[in-house]
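Take a look at the structure below. This report walks through its confidence, its domains and its sheets.

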Amino acid sequence: MNTSVTSIKLVLLGEAAVGKSSIVLRFVSNDFAENKEPTIGAAFLTQRVNMGDHTIKFEIWDTAGQERFASLAPMYYRNAQAALVVYDVTKPQSFIKARHWVKELHEQASRDIIIALVGNKLDIIENGGERKVAREEAENLAQQEGLLFFETSAKSGSNVNEVFLGIGQKISLKPAQNAQDGGQGSSGLRINDDSRIDLRAPYGQSSAAGSCNC
Amino acid sequence: MDEEYDVIVLGTGLTECILSGLLSVDGKKVLHIDKQDHYGGESASVALSQLYQKFKQNPVSKDEIETKFGRDRDWSVDLIPKFLMADGELTKILVHTDVTRYIDFKQVAGSYVYNKGKIYKVPANELEAISSPLMGIFEKRRMKRFLEWIGEYQEDNLRTHQGLDLDKNTMDEVYYKFGLGASTKDFIGHSMALWTNDDYLQQPARSSFERIVLYLQSVARYGKSPYLYPLYGLGELPQGFARLSAIYGGTYMLNTPVEKVLYGEDGKFEGVTTKEGTARAPVVIADPTYFPEKCKSTGQKVIRAICVLKHPVPNTGNADSVQLIIPQSQVGRQNDIYVAVMSDSHNVVAKGHYLAIVSTIIETDKPHIELEPAFKLLGSIEERFMGIAELFEPKESGAADNVYLSRSYDSSSHFESMTDDVKDIYFRVTGHPLVLKKRSQEDEEDE
């Protein structure tokens with residue numbers, strides 16, 4: 001059986017307090033923490049998903065709070081292969097912000113990035129709270145921009161795994177791309193040396209370019 | 001917002017971002033502010049359109065730029081050119097803080113030196129020294145003996161010192177002992193020890209010795225040259241350390257000018273007021289642009305010319321990246337001219353282009369002419385952006401008012417003086433020296 005592992009850099013985007021970290025916590029640990037404090041000290045979280053004949057290793061980057069004052073660094077979404085743009089179904093402002101992030105990703109991120117639009121906190125509606133972002137409105141945005149679309153509840157766990165499976169499937173459908181492995185080599189400098197073209201090197205095309213671009 | 005912090009950091013240049021990251025990891029509550037809307041301050045990497053805005057009088061449209069030079073966003077041009085020494089302090093800080101997780105590095109393909117009208121590869125070990133056309137047959141033997149002395153030197157074994165005392169003998173005396181000639185001294189002092197002028201000759205040999213060891217050990221790390229360079233440019237470095245700081249709880253606010261600095265009756269720093277409100281902290285760390293009145297000129301000005309080429313630099317074996325040093329004595333100057341060359345293999349230019357950043361310390365009132373010897377070596381230049389930067393340093397240590405200021409980025413080709421500044425500020429702020437230790441593994445979730 002083929003056990004190839006593809007590493008995927010996935011970034012989280014969305015207004016503060018829409019539940020970005022909670023979605024990840026649910027996905028990675030099947031856990032939920034009420035009034036969760038922003039994560040401290042984790043460079044990124046990883047979680048493997050079996051996709052039949054191969055495994056996808058999600059390397060999930062949190063904003064580390066840098067979105068709070070609009071101070072996310074371009075480095076954050078550089079070379080991301082997938083992004084979750086999260087909003088809160090009870091907060092229209094967070095959906096406006098989500099539109100902004102989709103636009104930003106199309107302008108700044110890699111051209112073939114897979115984006116999932118995620119309306120979170122569905123449990124509030126199920127418990128009688130008022131929905132403020134219509135499902136149709138979000139579906140329209142997803143359709144126009146070519147996004148995957150999910151409504152989730154990190155609190156109940158509803159639909160959370162489906163988000164990552166959906167991204168995994170879409171990635172599996174794409175022609176095999178060089179396995180990025182940003183999580184490797186945590187103990188030292190990663191050197192992309194032209195003379196030893198490293199197949200695990202994150203930016204395959206660039207390490208090959210050195211051989212003859214003169 | 002009205003919040004209390006342990007440290008406020010102003011400016012997101014590399015020095016400030018490293019300090020912010022280190023202090024956050026130490027458990028300090030850090031607020032990091034930049035008046036500009038992007039990371040990096042003076043040490044940012046910018047797109048071509050930003051270079052036009054910054055350096056050219058007449059506006060050039062983005063369309064026009066892209067027709068000529070390809071996609072604007074493929075460009076990431078360093079405002080201050082430098083390389084990392086593979087075995088230098090910045091490399092160590094990157095590894096110990098795990099910021100390497102966010103940045104990929106490549107080797108710089110070659111280290112070259114200008115000598116009598118020609119460009120030569122800098123011999124970096126005994127083998128290369130023996131085959132280098134830089135030296136005649138007898139000089140090669142002398143150079144070999146010099147390198148052997150460096151390699152075998154042990155502090156506590158007097159026999160390996162060969163009668164030399166690093167703290168008493170000057171470097172010139174060391175050269176004399178090995179019988180090395182003027183042009184060999186030139187490339188040892190300038191392209192291996194990386195001194196920018198000849199003052200070192202009359203100083204005790206120890207610091208030159210240490211610099212040569214750093215050079216040789218850096219070459220030995222990965223082979224081709226002693227230098228490393230991050231993909232997407234040096235601007236990735238401050239961003240990486242800012243992320244480290246944020247991950248450990250640091251708060252980031254870009255695009256936030258400081259409206260007022262607050263001091264107590266004792267003259268000590270108390271906080272800053274911005275559009276977000278007042279933030280208080282007993283200590284501030286900042287780059288010189290935030291407290292010009294507390295800085296003075298070092299008396300040095302650096303001219304930097306960013307040149308866009310469509311070909312590799314001639315006579316460098318079509319290398320995709322190069323450090324080229326023109327020693328001062330070769331062109332009748334007091335300070336060396338540096339040329340840093342990068343290409344699309346480091347993802348800093350659109351395909352098929354090369355960047356050559358030429359810099360030196362200004363000696364005359366016609367600084368652009370001082371760079372001519374370097375321009376001549378580059379072949380045809382498609383576009384050129386020139387700027388002059390005055391170098392500043394703090395007037396005081398910061399002990400009196402708790403305002404700790406960094407120094408401007410100097411003209412050296414690497415980050416060693418910058419990391420000295422980081423360690424020095426760290427010591428002054430915390431009262432204890434910076435000890436690099438590995439971050440605990442439990443932070444790094446992996447199944």
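## Domains of chain B

Domain bounds here come from an automatic or database domain assignment. The model itself is predicted. Chain B is split into three parts. Domain 1 covers 7–43 + 235–296 + 392–444. Domain 2 takes in 57–108 + 299–391. Domain 3 spans 123–222.

Between the C-alpha centres of domain 1 of chain B and domain 2 of chain B, the distance is 26 Å. The two domains touch: 26 residues of domain 1 of chain B are in contact with 28 residues of domain 2 of chain B. Three helices of chain B, α1 (14–25), α10 (236–247) and α13 (416–430), each supply at least two residues to the domain 1 side of this contact. The most comes from α10(B), with six residues. By class, that side of domain 1 of chain B holds nine nonpolar, nine polar and eight charged residues.

## The parallel sheet

Strands of a sheet pair through backbone hydrogen bonds, either parallel or antiparallel. One open sheet of chain B has five strands and parallel pairing. Its order is β11-β3-β2-β15-β21. At the edges stand β11 (251–253) and β21 (403–405) of chain B; each has a single partner strand, so one side of each is left without a neighbour in the sheet. From one strand to the next, the twist averages 20 degrees.

Now zoom in on one pair. Strand β15 (residues 284–286) of chain B runs parallel to β21(B), and three bridges join them. Within this pair, B:V284 stands opposite B:V403 of β21(B).

## The antiparallel sheet

A second open sheet of chain B has three strands, in the order β6-β10-β7. Here the pairing is antiparallel. The edge strands are β6 (84–85) and β7 (105–107) of chain B; each has a single partner strand, so one side of each lacks a neighbour in the sheet.

How many bridges link β6(B) and strand β10 of chain B? There are two bridges, in the antiparallel sense, and β10 covers residues 227–230. B:L84 stands opposite B:L228 in β10(B).

Chain B has a mean pLDDT of 93, and 97% of its residues reach 70 or more. Residues 440–447 of chain B fall below 50. Beyond near neighbours in sequence, this stretch has 10 contacts in the model. Where pLDDT is low, the predicted coordinates should not be read in detail.

For the complex, the predictor gives an ipTM of 0.80 and a pTM of 0.89.

Technical notes
Residues numbered from 1 in each chain as written. Chains lettered and ligands numbered in written order. Predicted model: local features only at pLDDT ≥ 70, side-chain atom pairs only at ≥ 80, totals over all residues. pLDDT = per-residue confidence, 0-100. Contact = placed C-beta atoms within 7 Å. Pairing = 2+ DSSP bridges. Helix = DSSP H or I, 4+ residues; strand = E, 2+ residues; numbered from the N terminus. Axes fitted to C-alpha atoms, helices over the stretch in contact; angles between N-to-C directions. Nonpolar A, V, L, I, M, F, W, Y, C, P; charged D, E, K, R; others polar.
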